[in-house]
Amino acid sequence: MPDIQSMVGEFLNMLKKRKIEGSQATARQTAELLRSVISQQRVPHTNQAGALIDAVKAVGEQLIAANPVELAVGNVVRRVLHIIREEDLSLTTAVMAGLDLLDVSDDEDDCKRSSHPAMSAAVVAAAARSTLRPPSLQTLLEGTPDSATVPYTSSSTGDSEGKSKSADKSSSTRKLKHDVIETVNQLISEIATCHEQIAEQAVEHIHQNEVILTLGSSRTVLEFLCAAKEKKRSFRVFVAEGAPRYQGHLLAKELIARGLQTTLIPDSAVFAMISRVNMVIIGAHAVMANGGVIAPVGVNMVALAAQKHAIPFVVLAGCHKLCPLYPHNPEVLLNELRSPSELLDFGEFSDCSTLLHVVNPTFDYVPPKLVSLFITDTGGHNPWYMYRLIADYYSADDLVV
C-alpha cells in the first residue's frame, strides 16, 4: 500500500502546477485521494467520526490551498465530510432506535425481523434529516409520510436488550469506516458518469431546427449536444471561439466530427448573431450557493445578450461543481490571471513595456438573474432552487474547512 503522505504530496504538486485539466478530473482524483486517506486512517473505538473528520480536514485544507481557484476540490472535501457525518448519524440513530443492522443467524431473530424489517442506513439518515431540518412547503401540504417514522422494537428481557444494544454499538463502530468508503465510491462513480447523466436530458430541451449558441469548449456541452443529435434532432450550433485561448475551435472540430452543423463566430459577433439563436447552452466552472455561475471569460457578455433578446440561458453542471459558498465569501477566489503571452508577443512591445499592463482573466461571473435553468445530473433546476439542492450535499459545519 503506497504511503499516504507521498500520495498527498504528489497530488498537491499536480494542483499547484495546474497539471490536472478540468473540474471533473480534479474532483474525481480528489475523491480517490480522500478515500485512500480514510482507508488508511487508524480510528479509536470511540469518536470514530471525529477522527475521520479531522484526518479529511487536515488533508483537505492543504488541497484547497494548493489551487484555490479550482472550487471542485473544496466541494469534494466538504462532500466527503458530509458523508462521514451522515453515516455516523445514521448508525447512531439506528443504535438508539434499537434497530438490528447485523445479519443474525437465529431463526427466532429472523422471525422477529419479518414483522419489523430493518431499515437501511440511508433511510434512517433521511428520517433523521427530516426531523432536524425545517419542513418544506410540500411537506407541510402533504403531511409527514409514515415511512419516515422509526419503528419501535422491544426485547423479551432486560438482559437481552442490553446485549442487543451493546452489539449494535460495537457493530456501528466497526461499520462506520466501511460505510463511508462505500459512499465515497458512489460519489466517485457519480462524478465519473455526470456527463452521461446530463446528456440523457438533452432531448427534453433541444428541439427540431433550433439554433444553439455556446462559448469555448466543454465536454459536458459536447456530450449534451451529441446526445440530442443521436435522438434524431436536427439543429445548428453557433460556437463563439472563446479568445484568447480559442477553446471554441476545439469544440467546433469535435462537433463537426460528430456530424453536427456548426458555425464558428468571433466573440465580438455574439450580439450580432444572438437574434438568430433559440437557446444558449454553457458549461460551468462552478455554481455558487446563490445560483451565480463561474464560467470561462466572455460568458457574462453572452448572458447579457441572451437577456436582452429574451433567449433562455441554460447552464450545464455536474453536482461536484455545486459550491456551498457565496461569491462574497473571503474563502472564494473567483478568478485568476493567465500569462499575458496568450494575448501578445512582448517582443513587439519591448519599447513600451514599462507603460503596458496586460490583464488576462480566466473566468467570468454570471449573476443568477441572468440564468434561466440549471441542468445537473439530478435534473433541471431553477436558480432559486440551488440553495436547497446544495443543502442536501453539504453540512453547515464544513463550509470553512
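Predicted model: local features only at pLDDT ≥ 70, side-chain atom pairs only at ≥ 80, totals over all residues.
Glutamate 336 sits in the loop between strands E7 and E8, while arginine 18 sits in the loop between H1 and H2, so the pair ties together parts that are 318 residues apart in sequence. Glutamate 336 is partly exposed, at 22% relative accessible area. Arginine 18 is partly exposed too, at 34%.

Other pairs span a few residues. Arginine 28 bridges to glutamate 32, with a closest N and O separation of 3.4 Å. Both lie in helix H2, and because they are four residues apart, about one helical turn separates them. Arginine 338 pairs with glutamate 342, and here the closest N and O atoms are 2.9 Å apart.

Helix H2 also holds threonine 26. Threonine 26 is buried, because its relative accessible area is 1%, under the 20% cut-off. Its contacts beyond four places in sequence are Phe11, Leu15, Ile20, Glu70 and Val73.

Now to helix packing. The axes of H1 (residues 4-16) and H3 (residues 48-66) come within 8 Å and cross at roughly 20°. That angle is under 35 degrees, so H1 runs roughly parallel to H3. The crossing is right-handed. From H1, Val8, Phe11, Leu12, Leu15 and Lys16 meet Val59, Gln62, Leu63 and Ala66 of H3. Seven residues of this contact are nonpolar, one is polar and one is charged.

Notes: Residues numbered from 1 in each chain as written. Heavy atoms only, no water. Helix = DSSP H or I, 4+ residues; strand = E, 2+ residues; numbered from the N terminus. Buried < 20%, exposed > 50% of the residue type's maximum accessible area, 1.4 Å probe, protein only. Contact = heavy atoms within 4.5 Å. Axes fitted to C-alpha atoms, helices over the stretch in contact; angles between N-to-C directions. Parallel < 35°, antiparallel > 145°, perpendicular 65-115°, else oblique. Left-handed = near helix turned anticlockwise from the far one by under 90°. Nonpolar A, V, L, I, M, F, W, Y, C, P; charged D, E, K, R; others polar. Salt bridge = Lys/Arg side-chain N within 4 Å of Asp/Glu carboxyl O.
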